[in-house]
Amino acid sequence: MSKRVTENAVDFPASGEPSRRVVAVYEQPVVIRWTHWLIALATFVLIGSGLQIFLAFPSFGPKIPQLNLVHFPQGFHPLAAGSWIHQLSLGGWLAGGEMWHFTFMWIFAGSGLVYLVYHAISGRYKATLFVPKDVPGVWPMVKHYFFLRRRPPLAQQYNPLQKLAYTVAVALGIIALLSGLVLFNPVQFSWLAAIMGGFHYARIWHFSVMCALVLFIVGHVIMVAIHGWSNFMSMLTGWKKSPEYVAAGIEGKQIERG
Ligand code: HEM
């Protein structure tokens, strides 16, 4: 006999002994799934169109007199005309890139807001937010992934390394939006520009955060691939098959009940 585990409760069948096999856990509520995929789509569009906008003036610092705040060795500018990076840009030309960027900026910001408000209201932040007590759990996970050591037992939905990655990703998203606001409206947000070191430095912040997000996405997608199909499907259907942490918890409950 099987039973289903929901996010909040373990449902035992009305009659008979509960089975020890966990079928699935409803891990990803519909709000999280929709906002996750909208944010993922928006992130890809924002990166491609942002690149298009940047390539219109591929230099950090004032234009007149031109002063580059970041120096690449002669002949090694990664964004020089003709480099493969131009193939990744979206929009065809500056105004095209801006149209994509300013449209998907709303999708990114709106979905991000819904994602954060849902976390705050539902208490889901307890599963995703990296807190000081997660610190000791990070190194064992790093050893597991990078030095092929045994995986520590999973006690919660996300392991400490995942929580760290998700919390950093959310922080990066927020900095991307704030620095974008400065670039979009430097007069109204002059106080924010000042915090970031001025308009030109806000541009460097915006670009650096994009690079960090690209690194997050590469690591995230590799991890999703490593964790298998059921894990991936949980972000589509909401349900994850037999996660280890719930199986362990249920065994404990059954012993208590028995
Ligand atoms: C095609 C690319 C992507 C795929 C296939 C993917 C897949 C997934 C999957 C399967 C999970 C659940 C992980 C688990 O249960 O262990 C997840 C969670 C998450 N992903 Fe992605 N993702 C992608 C892109 C992104 C992007 C671009 C971002 C952010 C910019 C992102 C941010 C997150 C966050 C914050 C979570 C945790 C969600 C929560 O529980 O609140 N993902 N992703």
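I began with Glu27 and looked up where it sits in this predicted model: Glu27 belongs to the loop that joins β2 (22–26) to α1.

I then checked what touches Glu27 once residues up to four places away in sequence are set aside, and I noted Gln157, Ser234, Gly238 and Lys240. I also looked at Trp239, which is 212 residues from Glu27 along the chain, although the C-alpha atoms of the two are separated by 5.8 Å.

After that I turned to the protein chain as a whole. I noted nine helices and three strands, and reading along the sequence I wrote down the pattern β-β-α-α-α-α-α-α-α-α-β-α. The chain has 258 residues, of which 20% are buried. Among contacts with a separation of 6 or more, I found that 62% are between residues 24 or more positions apart.

My last entry concerns the ligand. Which of the 19 residues around the ligand come nearest? I listed Ala40, Thr43, Tyr166, Val224 and Met235. The elements that give two or more residues to this shell are α1 (30–55), α5 (160–184), α7 (199–227) and α8 (229–237), and the largest share, six residues, comes from α7. Sorting the shell by class, I recorded eleven nonpolar residues, seven polar ones and one charged residue.

Conventions: Residues are numbered from 1 along each chain as its sequence is written. This is a predicted model: local features need pLDDT of at least 70, side-chain atom pairs count only at pLDDT 80 or more; totals for chains, interfaces and linings use all residues. A residue is near a molecule or strand if its C-beta atom, placed from the backbone, lies within 6 Å of it. Helices (H or I, at least four residues) and strands (E, at least two) are DSSP runs, numbered from the N terminus. Ala, Val, Leu, Ile, Met, Phe, Trp, Tyr, Cys and Pro count as nonpolar, Asp, Glu, Lys and Arg as charged, and the others, Gly among them, as polar. Two residues are in contact if their C-beta atoms, placed from the backbone, lie within 7 Å. A residue is buried if 20 or more other C-beta atoms lie within 10 Å of its own, exposed if 12 or fewer, and partly exposed in between; C-beta atoms are placed from the backbone.
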